[in-house]
Amino acid sequence: MADVCYDEATCIYAGADRPAVDALNLDIKDGEFVVLVGPSGSGKSTALRMLAGLEEIDAGSIRIGGRDMVGVPSRDRDIAMVFQNYALYPNKTVAENMGFSLKMHGVSKEERQRRVREAARLLDLEPLLGRKPKHLSGGQRQRVAMGRAIVREPQVFCMDEPLSNLDAKLRVQTRTQIAALQRRLGVTTVYVTHDQVEAMTMGDRVAVLRDGRLQQFATPGELYDRPVNLFVAGFIGSPAMNQLNVDVDAGALRVGETVVPLSAAQATAVAGLSRVTLGVRPEHLSVGGGELKLQVDLVEELGSDSYVYGHLVAEPDTSLVARAGRGRFRMGETVGIGFDPGQLHLFHPDSGERLGP
Amino acid sequence: MAATDTLAAPPRAATRPTPAIRRRRRPGIGNVVWGVVAWLVGILFFFPVLWMVLSSFKTEAAAYTNVPQFVFSPTLAEYRHVFSSGVGSYFLNSAIATVVSVVAVLLLGTPAAFALSLRPIKKTSDALFFFLSTKMLPIVAAIIPLFVAAEAVHMLDNVWTLVILYTAMNLPIAVWMMRSFLLEVPSELLEAAEMDGARLWRSLREVILPVVSPGLAATALICAIFAWNEFFFAVNITAARAATVPVFLVGFISSQGLYWAQLAAAATIATLPVVLAGWVAQRQLVRGLSFGAIK
């Protein structure tokens with residue numbers, strides 16, 4: 001087990017006009033579960049593959065346990081990887097798949113069998129040890145791929161969207177299993193996903209990437225409560241945070257005809273600006289009581305509660321979503337909504353950077 | 001049981017005569033016509049082979065009857081004739097030329113195909129086109145330089161000359177075929193093997209080759225058929241010592257006149273190895289390529 005450090009790590013694909021990963025800095029502690037998340041093309045998979053030794057580190061460095069990995073081939077990095085398509089060896093049985101790396105490292109047959117059985121017990125794979133991958137279900141293949149990684153007891157686990165080939169229910173179930181297994185084994189893990197729910201539920205810390213650049217590296221709670229820019233604010237959370245461009249008027253915000261007061265710190269942060277982007281999470285909009293008038297366009301009933309989608313009567317080209325109790329609102333009706341001033345996020349209208357606390 | 005029936009009955013009655021289902025049950029007239037055409041074409045193609053095999057079991061007189069005989073008393077006399085005329089050495093030459101050239105083609109072509117598929121570079125497509133372009137020159141145009149060259153190194157009428165020529169002849173086909181099979185292999189398999197600590201040679205042997213073994217079998221079969229049936233090189237640069245089975249067959253015609261039954265027997269014997277090779281390779285050929293490696 002070891003810590004992992006990305007130090008200005010950069011990867012440039014031949015012929016590309018910008019780096020796939022651009023001067024990435026991440027300090028991952030020993031035993032930590034870090035999730036790299038971002039939309040497609042954000043460089044998250046490339047960043048992981050650089051750690052695994054499957055992509056070149058063109059500038060900067062990546063250190064595992066303090067050892068520089070530039071120029072070190074994958075097989076000498078003591079890393080195990082779980083691939084999106086599992087990449088199980090089709091001609092080998094489950095046991096042979098799991099034991100292959102031990103065999104490559106010259107581990108004796110008895111020791112190999114012992115460790116494979118141990119990992120198989122951990123993952124409920126014991127009855128399947130003699131089967132070939134083609135005779136396994138998707139979930140079982142996923143577990144074999146996990147087993148192949150853990151049987152090696154490596155310094156670092158790399159996981160590249162390991163759940164994306166599973167159906168929704170199995171994904172949720174496996175998600176918790178992987179997180180629990182990682183806590184139990186205590187192996188430093190870097191996990192790539194495009195699913196922000198996976199990122200939020202599994203990671204000790206989450207790194208949000210966009211266009212090869214790190215946006216924010218923080219705990220799930222901090223990402224949610226204090227996104228550093230509009231991209232993170234919009235990416236984390238479902239449904240996404242509401243964003244409204246509003247006028248600043250004497251230390252307060254003017255939304256349509258309504259004035260939203262700001263705290264002293266917020267007022268200082270917006271000083272000198274005439275407009276800001278206001279961000280509000282759907283659950284921080286109170287529906288039913290408030291000065292702003294919302295025309296309801298759509299109501300999504302989720303069972304436990306509902307989401308009300310609509311636009312401000314005063315500004316028809318806005319689009320807002322608010323969480324409400326179930327069954328209270330109908331399409332087409334006009335309802336009042338209110339802000340909780342303590343739960344507002346303010347962003348610079350041009351750069352999108354967070355303003356104030 | 002009764003309960004299920006009553007439950008199922010009303011909807012069935014309501015939506016009863018659905019033409020779509022009926023059509024699916026009974027093959028349409030179009031399908032029947034195509035079926036007949038397919039059988040006719042199949043029989044048309046197979047008939048000469050069948051006739052060859054039938055004739056090989058006839059006596060020379062029976063093979064010549066003007067109204068062809070389908071019912072006759074079979075005899076092995078013509079096979080005995082063929083075997084006593086020294087077909088063995090021709091078979092041996094053909095076997096050496098075929099087996100050695102196929103092994104050489106696979107040993108040379110698979111690494112090339114691997115490099116061109118899993119580790120492509122900028123000039124990969126140029127290299128592939130170059131391989132193919134060597135097949136564009138008519139063999140007739142190459143035979144004189146080949147003959148002169150073989151004569152200069154004293155390798156005329158030598159089975160190893162055929163081995164070299166057949167290897168060169170089949171190499172482009174093998175590279176193209178193996179490349180298309182290797183392209184089907186997910187690159188993650190190789191990456192997984194590397195992360196597991198395997199060096200390239202080990203990954204190739206233990207991970208990649210087992211996955212592409214059906215492709216190897218198909219490539220070997222095609223190359224073996226081409227080498228076994230090759231006539232032009234064999235007839236031009238071999239004489240008594242290194243001649244192969246196709247040359248032997250032709251010799252049969254010219255030296256003995258037209259003996260149909262005997263020729264049919266010889267041709268049947270010449271065909272058998274290819275049919276056998278196809279039959280053996282079939283099991284490998286029908287296996288799926290990436291069986292469960294990826295979703």
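Tutor: Leaving aside neighbours within four places in sequence, A:E300 is in contact with A:S306 and A:Y307. Please keep in mind that the model is predicted.

Student: Which strand holds A:E300?
Tutor: A:E300 belongs to strand β15 of chain A, which covers residues 285-301.

Student: Buried or exposed, how does A:E300 count?
Tutor: A:E300 counts as exposed, because it has 12 C-beta neighbours inside 10 Å, and a residue with 12 or fewer is classed that way.

Student: And how far is A:E300 from A:A199 in space?
Tutor: The C-alpha atoms of the two residues are 24 Å apart, and 101 residues separate them in sequence.

Student: Let us step back to the chain. How many helices and strands does chain A have?
Tutor: Chain A contains nine helices and 20 strands. Its C-alpha trace spans about 75 × 45 × 35 Å along the principal axes.

Student: What share of chain A is buried?
Tutor: Of the 357 residues in chain A, 41% are buried. As for contacts in chain A between residues at least 6 apart in sequence, 66% join residues at least 24 apart.

Student: Now the helices. What is the length of α4(A) from its first C-alpha to its last?
Tutor: Helix α4 of chain A, residues 138-150, reaches 19 Å over its 13 residues. That is close to the 18 Å expected at 1.5 Å a residue.

Student: How many residues of α4(A) are buried?
Tutor: The count is 10 of the 13, so α4(A) is largely enclosed by the rest of the structure. Among the buried residues are A:R141, A:R143 and A:R148, together with A:V144, A:M146 and A:I150.

Student: What covers them?
Tutor: The cover over the buried residues of α4(A) includes β6, α2, α3, β7 (156-160) and α5 (168-185) of chain A.

Student: Take α5(A) from that list. At what angle do the axes of α4(A) and α5(A) cross?
Tutor: They cross at roughly 15° and come within 12 Å. That angle is under 35 degrees, and α4(A) is therefore roughly parallel to α5(A). The crossing of α4(A) past α5(A) is right-handed.

Student: Which residues meet there?
Tutor: From α4(A), A:G139, A:Q142, A:M146 and A:I150 meet A:L170, A:T174, A:I178 and A:L185 of α5(A). The residues of this contact divide into five nonpolar, three polar and no charged.

Student: What about α2(A) and α3(A): at what angle do they pack?
Tutor: Helix α2 (residues 94-104) and helix α3 (residues 109-122) of chain A pack at about 130°, with their axes 9 Å apart. The two helices are therefore oblique to each other. Here α2(A) passes α3(A) in a right-handed crossing.

Student: And which residues make that contact?
Tutor: On the α2(A) side they are A:A95, A:M98, A:G99, A:L102 and A:K103, which meet A:R112, A:R115, A:V116 and A:A119 in α3(A). This contact of α2(A) with α3(A) has five nonpolar, one polar and three charged residues.

Notes
Residues are numbered from 1 along each chain as its sequence is written. Chains are lettered from A and ligands numbered from 1 in the order in which they are written. This is a predicted model: local features need pLDDT of at least 70, side-chain atom pairs count only at pLDDT 80 or more; totals for chains, interfaces and linings use all residues. Axes are lines fitted to C-alpha atoms, for helices over the stretch in contact, and angles run from 0 to 180 degrees between N-to-C directions. Helices (H or I, at least four residues) and strands (E, at least two) are DSSP runs, numbered from the N terminus. Angles under 35 degrees count as roughly parallel, over 145 as roughly antiparallel, 65 to 115 as roughly perpendicular and the rest as oblique. A crossing is left-handed if the near helix is turned anticlockwise from the far one by less than a right angle, and right-handed if clockwise. Two residues are in contact if their C-beta atoms, placed from the backbone, lie within 7 Å. Ala, Val, Leu, Ile, Met, Phe, Trp, Tyr, Cys and Pro count as nonpolar, Asp, Glu, Lys and Arg as charged, and the others, Gly among them, as polar. A residue is buried if 20 or more other C-beta atoms lie within 10 Å of its own, exposed if 12 or fewer, and partly exposed in between; C-beta atoms are placed from the backbone. The expected span of a helix is 1.5 Å times one less than its number of residues.
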